[in-house]
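Let's take a friendly tour of the aromatic rings in a protein model. Have the sequence and the 3D view ready as you read.

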Amino acid sequence: MPSSPPFKITLKNGEEVKVNDHVYCSPSWGVRDGTPYSIARIMEFLPAQGTPTFDKTGKRNEPITRVRLAWYYRPSDVSDRTVADCRLLLAAIYSEVCELSQLRSKCYVLHRDRISDLAGWKKRPDRFYFTRLFDPWLRKEFEVIPATTVRNVPEHIREVLISRYEYIVAEREVVPDLTDDLRLCDTCEKWCPPAESLQCDRCKKFFHMECVNPPMLSKPSRGYGWTCAPCSRAHEEEVEGHEVRHLTPVAPKPKTNAPAARGRGRPRKDRVLAEKEENVEIKHFKMWPFRYFGLYTFAEDTLDPDDLIFPRAATRVGPKYQASVPAAPGVADRPADIEERGGDGTIEVLSLVNEMSPTEVEALEKQKQLLTRNDKLKCSVDWLTEVIFRLTEAWLNKRDFATVSMRSPLRLQKWKTSETRYTDKEWTAEEVAAFEDAIQVHGAELRAVRDEVGTRSMPEVVRFYGHWKNSKLGEENVRIRLARENGVDEKMEATTREATPDEEEGSIVMEPPRNVSCGACRTRESEVWWKAPKGLPTSVLCDNCGLSWRKYADLNVRPVREETNTKSKTGDKREGTPLNGPSAKRAKTSSSQSTPPPVAPQLRCVACQRNGPVGKVLRCKQCQFRVHAGACGVNPDPATVESWVCDLCQNEKTLEASLIPDCLLCPRMRRDPKKKLIYPPPDSYLRACKPTEGQAWVHVLCSVFIPEITYSDAARLRLVEGVSAIPQYRWQNSCTLCDRQDGAVIQCSECPAEYHVSCAWKHGHKFGFEIQPVKSSRRESATIIDWKGHAGQMVPSVICKGHVGHKRQLYDICDMNDLGESALQVYCKNYKQAPVAQTHGLLRKARRLDKILNATNGDISSAASVDGDSTQSLPDPHCYRCQTEFSPFFHEVTNTTQGEAKSWLCHKCHAETRKSYPVIIGIGAP
């Protein structure tokens, strides 16, 4: 029997969408306030609220007015740093019901492993991809892998996972265990869950913790290994027999779900393959294509179809999270003047109608009807609660119900000293108007609404919001009921949908001003002009930039250069031009109109992405680079702020350092020499560079966060020193982000990951400074500073963007103290200043070179003690020719005048005395 065709809905732009299609979703421009479109997957179509999706016959109820959507996040929604790839998304197990009118157009979202040609996929419009999932409750990112790659689970569980779900969500550290081959216990030959198993360090076999003898109660601590009994016994026999221990077998490289490496050639343009990828069928179970299967999942629970699929965290039960409350004291220990809780004296009875006789209940209802004639008041919850309370109080005091009156709105509660109202005062027309205006602007943010009203407390605003919302729903229900009774239900629905403001009418500028230009690309020609988000030079965007911002949240903002030609004044008019223009074009003036105060221009810093006034945020006159003065070591002069240029642009004129701006501490960038681009780009903080003592360049960010680097002038971050003192392991270890070894790496403050400083900045990692407390025993030797009320040692920290829940309190690079100094300035002044008062710069460099060359010629004393009879250490080497003791390198020579005794030549004398040979075409001739 052929299956019925899927139910489809036609959008306003004419596209048809069905369940599991991906769409752009957004409310009107005034509601979303300039934010880009949201991307979501359609889960189901729904009728109006209160109407079931299907009737008794199984037919879908119409009209369809709502839709349930599964949201995707952009990386910029959950991280402080921007991501260069605007097509990358984060999946989420989170859904909401929205109005059907909010759907804009159709798009396509696939997992990375489903795309054969990623470069070609991203070149096509409305195409996105994802590799990770973000949980909005745990505030943590998880890896998403295909369910078919999970092999380290029992076969029946694996079949259930593959048959139900397309993908599996797990922590990053669990993915290698899940994608490995099936692990069986060597003792019982049953499956070994990663959380309950051990692996021998020698034979690499797996065991249950309860299967070893004696059973293990917990896994070894991090950094410690474990060996099984046979391997441990064999090791003891080798040690006792003085046999050579064999090398520990190297475990095979864990299998990964990363796609295979692709060539660097031109991507394939297979249109048929691309269409197949767009229309690929994805398995869904209960409307979701993935489920959580990570550290805190019991494998057998996945067999239950009602098991929760959301990511989970560690349990919070135990002494670490719960307080240890001592036992309750006895009656003898209780003070005499404190009454025990729960008795009649510590509670206030609100109602005892259930204990009254039927005659008394009838009398109570009769008296309640006589207390008011207002039908609305008889349905008020506050009034009914107070009436029952007062009638119950009369019944307890043996008074007649006729003595109860509701004329006074005040009453004395048992735990309060003064009388209070049982209901709020009536809201005036002005207060209601202010409340509705605030709701229109702020929505359900009632604190902002309270500030707009001004005359009501927060509890009063909350209670009135509930009554106001119910009244609006009641009016809507009355209108719908009257429409159905008159048989105009469809017409009312059509009118309601037409009244919804169209997105195009709200975000398209119908009458753009004259000489308008795009706020991003600065073009002045466009068929359609869109409203621009806040923070741009102009309030409109061209058609290309407007669609790019709404769909991809991507704007390549062109730097705004200062206008050199100002408008001509009256005295500068050309000949033949009247001094007084036509009266129709004069500005209207009135005595009541006042000139608004001038607004100080704001510049956005590329380091912290925050606005600041001119002077605190500097802008290079040549390349338009914008940064806080404290983040690049500049003490601005108010007279020269407008003409400030960055160090790289200034070096193009002065030629004091190299013209190659590549950072010595970063991997070499491969650039096309034919393209004359500004490098480093002025829209990145990596444009801030400082010269070294060898006339090269390093990034300010690299020089600050690599601990071996110092400055000869830390206040201006000038003349970087100590590049040669960086230990060798920083140069040898590869970066986990770019997988290159030609650069110095640092380590994450939360995990063992190592990466270049510039790579970490480009990937959106968190940079900042932490104030760590110092022990009393180390206070004399440590440098302690006071930063915003916290005293301690300032430590630079870099944290991967995946560590969302870290507990470190980091201060941003551009955070200011009360004196106007940035955190970067304070750290460099206290911890990065070279000792310039004691030594000369050349001598400091020579001492650093001595430490490097110590491995070559620093063992003279030890060699003499071995070869000679004397055990005393020889003095420092000196040149036997010029008698100097200072040289970058001493060359060992045999002095014939002193027999076979060893002597030394400084590098200068060695260069002067060695024979010089002519060089012919690069080859030395003898």
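Is Y72 buried or exposed? Y72 counts as buried, at 11% relative accessibility; buried means under 20% relative accessible area, exposed over 50% and partly exposed in between, with a 1.4 Å probe and protein chains only.

This is a predicted model, in which local features need pLDDT of at least 70, side-chain atom pairs count only at pLDDT 80 or more, and totals for chains, interfaces and linings use all residues. Residues are numbered from 1 along each chain as its sequence is written, and side-chain values use heavy atoms, leaving out hydrogens and water.

## Rings that pair

Searching the whole structure gives 24 aromatic pairs. Rings of Phe, Tyr and Trp (its six-membered ring) pair if their centres lie within 6.5 Å; planes under 30 degrees apart count as stacked, over 60 as edge-to-face and the rest as tilted.

One of the pairs is Y72 with F130, which is tilted, with 5.8 Å between centres and 55° between the planes. Y72 sits in strand β5 (residues 64-73) and F130 in strand β8 (residues 127-135), so this pair links distant parts of the chain, 58 residues apart. Strands here (E, at least two residues), like helices (H or I, at least four), are DSSP runs numbered from the N terminus. F130 is buried too, at 3% relative accessibility.

F142 and Y292 make an edge-to-face pair, 5.9 Å centre to centre with 75° between the planes. F142 belongs to strand β9 (residues 140-146) and Y292 to strand β13 (residues 290-292), so the pair ties together parts 150 residues apart in sequence. F142 is buried, with a relative accessible area of 0%, and Y292 counts as buried at 0%.

## A cluster of rings

Y685, F705, W761, F767, F769, Y827 and Y831 form one aromatic cluster.
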